[in-house]
Amino acid sequence: MDELRDLYQEMILDHGKRPRNQGRIEASTHEADGHNPLCGDVLHLTLTVDGDTVTDARFEGEGCAISTASASMMTDAVKGKNLGEVKRLVDTFIGLATGESSPDPNELGKLAVFSGVSEFPARVKCATLSWRTVEAAISGSDEPITTE
Ligand code: ZN
C-alpha cells in the first residue's frame with residue numbers, strides 16, 4: 001500500500017506540475033465547462049470527435065494539483081477511444097475515485113493511482129470534475145457541470 005501511495009503522489013505531482021493537453025481546440029466538435037466550488041477548480045474542456053472516436057482533447061482553467069492532474073490524465077486516456085468506451089471509463093473512474101466500486105486495476109491502468117482519493121471526500125470532487133465534464137461534453141449537455 002505504501003508503494004501505491006508513493007506512486008499516487010508521484011503521478012499526481014508530475015501531472016499537476018506539468019499537465020498534458022492544456023489549451024483549447026479552436027475547431028472543437030464538443031465542449032463543456034466544469035466547476036468545483038468547494039475547491040475553486042474551474043475547467044473548460046474541448047474535444048474533437050471524428051465519427052465515433054475522440055481524436056483530440058484539451059483543457060484549460062484553474063485548479064488544484066489533483067484536479068489538474070486528473071484532467072491531464074483524463075485527456076490522455078480518452079484520446080483514441082470511441083464514445084462508448086469513454087462513457088464506460090467515466091463510470092469506472094468515478095466508481096474508483098468515490099470508493100463505490102473497486103474496478104480491476106488493469107482496466108484503468110495508471111488511472112488506478114486515483115484510488116487513493118476515495119479516503120479524502122473533499123478531494124474526490126477535484127479528481128472527478130474533469131470526468132463529469134467529459135461526460136457532459138460527449139452527451140451534448142449545455143449545462144455547466146458543478147460538483148455541488
Ligand atoms: Zn481541487
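Of the 148 residues of the protein, 45% count as buried, meaning under 20% relative accessible area, against over 50% for exposed and in between for partly exposed (1.4 Å probe, protein chains only). The structure is a predicted model, in which local features need pLDDT of at least 70, side-chain atom pairs count only at pLDDT 80 or more, and totals for chains, interfaces and linings use all residues. Residues are numbered from 1 along each chain as its sequence is written, and side-chain values use heavy atoms, with hydrogens and water left out.

The protein has five helices and four strands, taken as DSSP runs (helices H or I, at least four residues; strands E, at least two) and numbered from the N terminus. Along the sequence these elements follow the pattern α-β-β-β-α-α-α-α-β. The radius of gyration of the protein is 14 Å, close to the 15 Å that the globule rule gives for 148 residues, so the protein is as compact as a globular protein of that length; the radius is taken over C-alpha atoms, and the rule is 2.2 Å times the number of residues to the power 0.38.

A zinc ion has as protein donors C39 (SG), D41 (OD), D41 (OD), C64 (SG) and C126 (SG), at 2.2 to 2.7 Å. Donors are N, O and S atoms within 2.8 Å of the metal (3.2 Å for Na, K and Ca); water is not among the atoms, so sites may look incomplete. The spacing of the zinc donors along the chain is C-x1-D-x22-C-x61-C. Among these residues, C39 is partly exposed, with a relative accessible area of 34%, whereas D41 is buried at 1% relative accessibility.
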